[in-house]
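Me: Please show the model, and then let us go through its packing.

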Amino acid sequence: MAAASMLPQRPADRPLVMGVVNVTPDSFSDGGLFFDATAAVAHGRELVDQGADIIDIGGESTRPGAERPTVQEEIRRVIPVVEGLVDTGAWISVDTMRSEVAQAAVDVGARIINDVSGGLADPQMTFVAARTGVGFVVMHWRGHSHDMQTRAVYDDVTADVCRELADQVGAALDAGVRREQIVIDPGLGFAKTGEQNWVLLQHLSAFQDMQLPVLVGASRKSFLARVGSRAGGPVPAEQRDFATAAVSVVLAQADVWAIRVHDVRSTFAACDVVSHLREAAHD
């Protein structure tokens with residue numbers, strides 16, 4: 001496979017937009033709205049119509065405390081949705097920590113494996129990425145959902161996450177994954193406190209210094225629950241798209257490779273704001 005086809009190319013004026021399709025009954029962000037495969041495919045097509053460059057299909061909720069489905073159940077959820085979206089023209093990504101699910105998804109047309117464990121949860125995952133030659137998202141990860149928040153202890157969160165990510169990338173390369181396949185993700189919300197997420201967003205350049213494409217997913221995550229809240233209580237997940245769009249402005253200004261979001265329209269609006277400001281700066 002040619003290196004140019006391993007990952008989609010970032011447009012010159014904005015990050016790529018990765019739209020999320022959760023095929024789960026218990027996602028924190030949409031509560032199972034698209035658990036039915038037909039509904040999930042329809043939602044994915046809607047995101048493509050709105051301009052999404054990549055559709056990320058996941059069959060396992062990674063919210064804190066989530067129970068894991070069986071491998072067979074995850075495959076049952078994911079594969080029909082991949083099959084239903086491969087003809088849309090968007091790049092299809094499978095959001096999974098399991099090599100069997102990744103292989104099955106690639107077999108029916110997925111072109112990116114988005115592993116939130118970055119190859120740590122399943123020792124075979126890096127070999128699947130190497131063998132198939134598809135894009136491989138390596139996210140910083142310290143443990144599964146049931147206890148990951150107990151692991152949010154760092155001496156220097158940015159330096160520690162960069163170092164651990166570099167180790168994960170090194171393991172992937174040792175397994176035969178080509179550097180041209182790899183994308184890194186700082187893993188906002190995964191073994192991170194709310195304050196640590198903000199620190200990582202403040203230091204995105206540290207990840208870009210690793211000389212790999214950077215994907216960031218902040219969409220609707222719990223650290224945004226206090227953004228825009230004026231009534232004292234947290235903002236519900238489905239109402240965090242305004243805060244997410246504000247973060248997308250920051251990400252577009254930082255020239256990340258891609259932004260992973262639930263709401264595609266507001267993300268394009270955020271990217272357009274940055275693009276127009278840059279054009280005005282050159283007038």
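The questions below concern nonpolar cores and helix packing in this predicted model.

Me: Which residues does a second, separate core include?
Reply: Besides the largest core, with its 72 residues, there is a separate one of 11 residues. Included in this second core are Met18, Ile54, Val137 and Ala258.

Me: Are helix 2 and helix 3 roughly parallel or roughly antiparallel?
Reply: Helix 2 (residues 71-85) packs on helix 3 (residues 99-107) with the axes 10 Å apart and an angle of about 20°. Angles under 35 degrees count as roughly parallel. The two helices, helix 2 and helix 3, are therefore roughly parallel.

Me: How many charged residues are in the contact of helix 2 with helix 3?
Reply: On the helix 2 side are Val71, Glu74, Ile75, Ile79 and Val82, which meet Glu100, Val101, Ala104 and Ala105 of helix 3. By class, seven are nonpolar and none polar, and the charged residues number two.

Me: What is the handedness of the crossing of helix 8 and helix 9?
Reply: Helix 8 (residues 241-253) and helix 9 (residues 264-281) have axes 8 Å apart, at an angle of about 40°. Their contact has six nonpolar, four polar and two charged residues. The crossing of helix 8 and helix 9 is right-handed.

Terms used: Residues are numbered from 1 along each chain as its sequence is written. This is a predicted model: local features need pLDDT of at least 70, side-chain atom pairs count only at pLDDT 80 or more; totals for chains, interfaces and linings use all residues. Side-chain values use heavy atoms; hydrogens and water are left out. A nonpolar core is a set of buried Ala, Val, Leu, Ile, Met, Phe, Trp, Tyr and Cys residues joined through side-chain atoms within 4.5 Å. Buried means under 20% relative accessible area, exposed over 50%, partly exposed in between (1.4 Å probe, protein chains only). Axes are lines fitted to C-alpha atoms, for helices over the stretch in contact, and angles run from 0 to 180 degrees between N-to-C directions. Helices (H or I, at least four residues) and strands (E, at least two) are DSSP runs, numbered from the N terminus. Angles under 35 degrees count as roughly parallel, over 145 as roughly antiparallel, 65 to 115 as roughly perpendicular and the rest as oblique. Contact means heavy atoms within 4.5 Å. Ala, Val, Leu, Ile, Met, Phe, Trp, Tyr, Cys and Pro count as nonpolar, Asp, Glu, Lys and Arg as charged, and the others, Gly among them, as polar. A crossing is left-handed if the near helix is turned anticlockwise from the far one by less than a right angle, and right-handed if clockwise.
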